[in-house]
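Q: Could you take a close look at one helix in this model for me, with its buried side and the residues packed around it? I'd like the surroundings too, pockets included.

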Amino acid sequence: MKFLCLAYEAEQALTDLTREQWQALRQETLDYVETLRAGGHLVDTHALQSARRAKTTRVRGGKVSVTDGPFAETKEQLGGFFLIEAQDFDEALRLAQGWPSARLGTIEVRPIEEALREEGRY
């Protein structure tokens with residue numbers, strides 16, 4: 001079963017790290033990525049650039065709008081994701097809890113829909 005793990009981080013908390021702290025967290029993250037890969041759990045992972053570089057677009061009544069940054073006002077922003085294979089939700093949660101930035105932010109774990117349902121979205 002596939003699960004998308006969304007890593008939410010307070011950008012300021014990462015910015016406030018010393019260079020040594022950042023290097024240690026970075027290396028721990030790269031090592032954990034290799035652990036997930038070696039265990040056959042990792043499908044894909046990517047970090048995202050700062051939310052300050054994001055744009056949000058929507059179409060309402062045929063009218064397009066584009067705004068700077070994420071739509072929601074929040075201290076934590078989506079910093080990246082990792083897509084994993086796990087036997088069940090419990091295993092997916094255990095794997096997500098090992099992600100190093102879980103100590104600084106939040107990891108949302110959500111099952112993947114393999115196909116768009118006919119009877120309704122949710």
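Predicted model: local features only at pLDDT ≥ 70, side-chain atom pairs only at ≥ 80, totals over all residues.

A: The chain has three helices and six strands, and along the sequence they come in the order β-α-α-β-β-β-β-α-β. Roughly 50 × 40 × 20 Å is the box that the C-alpha atoms fill, taken along the principal axes. As for contacts with a separation of 6 or more, 73% of them link residues 24 or more positions apart.

Now for the helix I'd pick, H3, which spans residues 89-97. Its buried residues include Glu91, Ala92, Leu95 and Ala96. They sit on the same side of H3 because they cover an arc of only 135° around the axis. Over on the other side of H3, Arg94 and Gln97 are exposed. What covers the buried residues includes E1, H2, E5 and strand E6 (106-111). The N-terminal end of H3 is capped by Asp88, with a side-chain oxygen 3.2 Å from the backbone nitrogen of Asp90.

Take Ile84, which is in strand E5. Ile84 is buried, because its relative accessible area is 0%, and the cut-off for buried is under 20%. Leaving aside neighbours within four places in sequence, Ile84 is in contact with Ala92 and Leu95, and also with Met1, Lys2, Phe3, Cys5, Leu36, His41 and Val43. Glu28 is 56 residues away from Ile84 along the chain, and their C-alpha atoms are separated by 18 Å.

His41 is the other one, and its place is in the loop between H2 and E2. At 17% relative accessibility, His41 still counts as buried. Not counting residues up to four places away in sequence, His41 touches Glu91 and Leu95, along with Leu36, Leu83, Ile84 and Glu85.

For contrast, here's a loop residue: Thr74, which lies between strand E4 (63-68) and E5. Thr74 counts as partly exposed, at 43% relative accessibility. Its C-alpha atom is separated by 15 Å from that of Thr56, 18 residues apart along the chain.

By class, the lining of the largest pocket has 15 nonpolar, 10 polar and three charged residues.

The second largest pocket has a volume of about 180 Å³. Lining it are Leu4, Arg110, Pro111, Ile112, Glu113, Arg117, Arg121 and Tyr122. That lining divides into four nonpolar, no polar and four charged residues.

Note on methods: Residues numbered from 1 in each chain as written. Heavy atoms only, no water. Nonpolar A, V, L, I, M, F, W, Y, C, P; charged D, E, K, R; others polar. 1 Å grid on protein atoms, 1.4 Å probe; cavity = no way out; pocket = protein on both sides within 12 Å on 5 of 7 lines; lining within 4 Å. Points joined across faces, edges and corners; volume = space filled by probe spheres on them. Buried < 20%, exposed > 50% of the residue type's maximum accessible area, 1.4 Å probe, protein only. Helix = DSSP H or I, 4+ residues; strand = E, 2+ residues; numbered from the N terminus. Arc of directions from axis to C-beta. Contact = heavy atoms within 4.5 Å. Polar contact = N/O pair within 3.5 Å; in protein donor to acceptor, adjacent residues only side chain to side chain.
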